There are 2 protein chains.
Amino acid sequence: MRITLLGSGNVATHMGAALKNAGHQVVQVFSRNPQNAAMLAYYLGAEPVNDLRSVHSETDLVIIAVKDDAIPQVAASLKVGESTMVVHTSGATHNQTLSAFGAYGVFYPLQTFSRSRSLDFWNVPLFVEGNNPQTTAQLFALGQTISKQVHIIDAEKRKVLHVAGVFASNFPNFLYNAAAEVLEEHQLDFNLLRPLILETALKVQIHHPNEVQTGPAIRKDTQTMLNHFELLKDQPELQNIYRQLSQLIVKMEEASKRTK
Amino acid sequence: MRITLLGSGNVATHMGAALKNAGHQVVQVFSRNPQNAAMLAYYLGAEPVNDLRSVHSETDLVIIAVKDDAIPQVAASLKVGESTMVVHTSGATHNQTLSAFGAYGVFYPLQTFSRSRSLDFWNVPLFVEGNNPQTTAQLFALGQTISKQVHIIDAEKRKVLHVAGVFASNFPNFLYNAAAEVLEEHQLDFNLLRPLILETALKVQIHHPNEVQTGPAIRKDTQTMLNHFELLKDQPELQNIYRQLSQLIVKMEEASKRTK
């Protein structure tokens, strides 16, 4: 497939590489930042473009992989042929945002991407939706060339996945950072926690998280929680989060006992 | 070393296996539950014991690996020779709890253990403290036979590590469970999130978490956060956590901008 990539950020970089590796031809890469466009285009063997008016119509698919709030603006400036499909990669944006095009849809990878980290796209769950059955089928087939896990999903379920992803990734990362702050406050090295963080994530690759919850809250170890609370007295925001999450874990345990 | 293991839970099981594999001799395993004692003792080639009075004194080290609040009681019922060291494995318990013994200390592994999961103890950070320099040195040397990362640490810093571990492991696991609840509420499979969870933990094996924070809150993507909030309206506790953590992430970003 001939593919045009709009964007040069984390998603554009990883998805572009996966598509090229699967044998597709990335024809143009657009970015407002000339250097970013040039770098990613060079890597993908594509033409770099800094103006949306220079995007040509000899392409089968345009992938809009820019920030959520820039999607409407990019879409409004884009001119393509009637047979060209246009998709965005956002979990939080309705596909109707692209309804000015003849064939449009969504191509949403559920993963956290960083340009500095290589990643096996084959294991990334990919969620597609087209504006009609033919577009959906084409996006599904394309998805299968780069991921072993492609799902057809509507906007409402995609939003659910996106929220769940915030709980499963953005919030845990924030808590890793909170842990780092606790350690740094007492001159201890974040390195000490890395094996624990990894093992916690590895556990739920096999188990359901409610089977492997550990810690003072699930044991209702009140004295330890009070000690921890006291230790956080100079970091009131972390203290607050500690109390709230601990209370919820205790509640979860009580609810699960009631259902047993 | 001849070692007596009091307890047959997650920590006792993994630490016992690591010690046996390192060539130490586990002489007795105590558990109130005869079946648990028998199973772990069989696995470790030790004698199972169900009564603390049956623990004999021909041992170099007694490891108390029971629940935090059971440590004082187990310690009170334990009779050992003057030269035998007695340690506990708890992050939250002061070593003074064992001050009735001649040589005592702490042998604390910073990891989340589940009996059903095998684990390379060599990568588990181990924190030791003895009641005098000789005991500390002996515990340090013993630790080095089962872990590549042994640290001498006092009770105060051990408590800091324990709190940080709650933020880095217990709370993230709780949020994995929250994510599962969001998905289950909408008939979506937790499996879809597993690659995202793993990649999030892998990222911070190399990066500091504040370098790789992603998601709507760090981007201050208010519309997406409002959409997410609306979607959680039937799960008010998760909605509350969503708001609180999002607000803290926004704050963190603002604080980091001020220091740049």
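First, a word of caution: what you see is a predicted model.

**Chain A as a whole**

Let's start with chain A, which has eight helices and eight strands. Its C-alpha atoms fill a box of roughly 70 × 45 × 30 Å along the principal axes. Chain A has 260 residues, and 58% of them count as buried. If you take the contacts in chain A between residues at least 6 apart in sequence, 52% of them join residues at least 24 apart.

Two packed helices are described by the angle between their axes and the distance between the axes. Here are both values for two pairings.

| Helix of chain A | Helix of chain B | Angle | Axis distance |
|---|---|---|---|
| helix 6 (residues 194–203) | helix 5 (residues 155–185) | about 15° | 9 Å |
| helix 7 | helix 5 | roughly 100° | within 10 Å |

How do helix 6 of chain A and helix 5 of chain B pack, at what angle? The angle is about 15°, with the axes 9 Å apart. Angles under 35 degrees count as roughly parallel, so helix 6 of chain A is roughly parallel to helix 5 of chain B. Their crossing is right-handed. On the chain A side, the contact is made by A:Leu196, A:Ile197, A:Thr200 and A:Ala201. Helix 5 of chain B brings in B:Gly165, B:Ala168, B:Ser169, B:Asn173 and B:Tyr176. Sort the residues of this contact by kind and you get five nonpolar, four polar and no charged.

Now for helix 7 of chain A and helix 5 of chain B, whose axes cross at roughly 100°. That angle falls in the range from 65 to 115 degrees, and the two helices are therefore roughly perpendicular to each other.

B:His207 sits in the loop between helix 6 (194–203) and helix 7 (222–231) of chain B. Is B:His207 buried or exposed? B:His207 has 15% relative accessibility, so it counts as buried. Its side chain has a polar contact of 3.2 Å with the side chain of B:Glu211. Leaving out residues up to four places away in sequence, B:His207 touches A:Ser116, A:Arg117, A:Phe190, A:Arg194 and B:Val212.

B:Asp51 is in the loop between strand 3 (47–49) and strand 4 (61–64) of chain B. With 28% relative accessibility, B:Asp51 counts as partly exposed. Its side chain makes a polar contact of 2.8 Å with the side chain of B:Arg53. B:Val80 is 29 residues away from B:Asp51 in sequence, and 14 Å away in space, C-alpha to C-alpha.

To finish, look at a pair of backbone angles. A:Lys220 has a positive phi, near 50°, and is a residue other than glycine. You'll find A:Lys220 in the loop between helix 6 and helix 7 (222–231) of chain A, and at 35% relative accessibility it counts as partly exposed. B:Gln187 is not a glycine either, and its phi is positive at about 55°. B:Gln187 lies in the loop between helix 5 and helix 6 of chain B, where its 64% relative accessibility makes it count as exposed.

Definitions and conventions: Residues are numbered from 1 along each chain as its sequence is written. Chains are lettered from A and ligands numbered from 1 in the order in which they are written. This is a predicted model: local features need pLDDT of at least 70, side-chain atom pairs count only at pLDDT 80 or more; totals for chains, interfaces and linings use all residues. Side-chain values use heavy atoms; hydrogens and water are left out. Helices (H or I, at least four residues) and strands (E, at least two) are DSSP runs, numbered from the N terminus. Buried means under 20% relative accessible area, exposed over 50%, partly exposed in between (1.4 Å probe, protein chains only). A polar contact is a pair of N or O atoms within 3.5 Å; within protein, one must be able to donate a hydrogen and the other to accept it, and residues adjacent in sequence count only if both atoms are side-chain atoms. Axes are lines fitted to C-alpha atoms, for helices over the stretch in contact, and angles run from 0 to 180 degrees between N-to-C directions. Angles under 35 degrees count as roughly parallel, over 145 as roughly antiparallel, 65 to 115 as roughly perpendicular and the rest as oblique. A crossing is left-handed if the near helix is turned anticlockwise from the far one by less than a right angle, and right-handed if clockwise. Contact means heavy atoms within 4.5 Å. Ala, Val, Leu, Ile, Met, Phe, Trp, Tyr, Cys and Pro count as nonpolar, Asp, Glu, Lys and Arg as charged, and the others, Gly among them, as polar.
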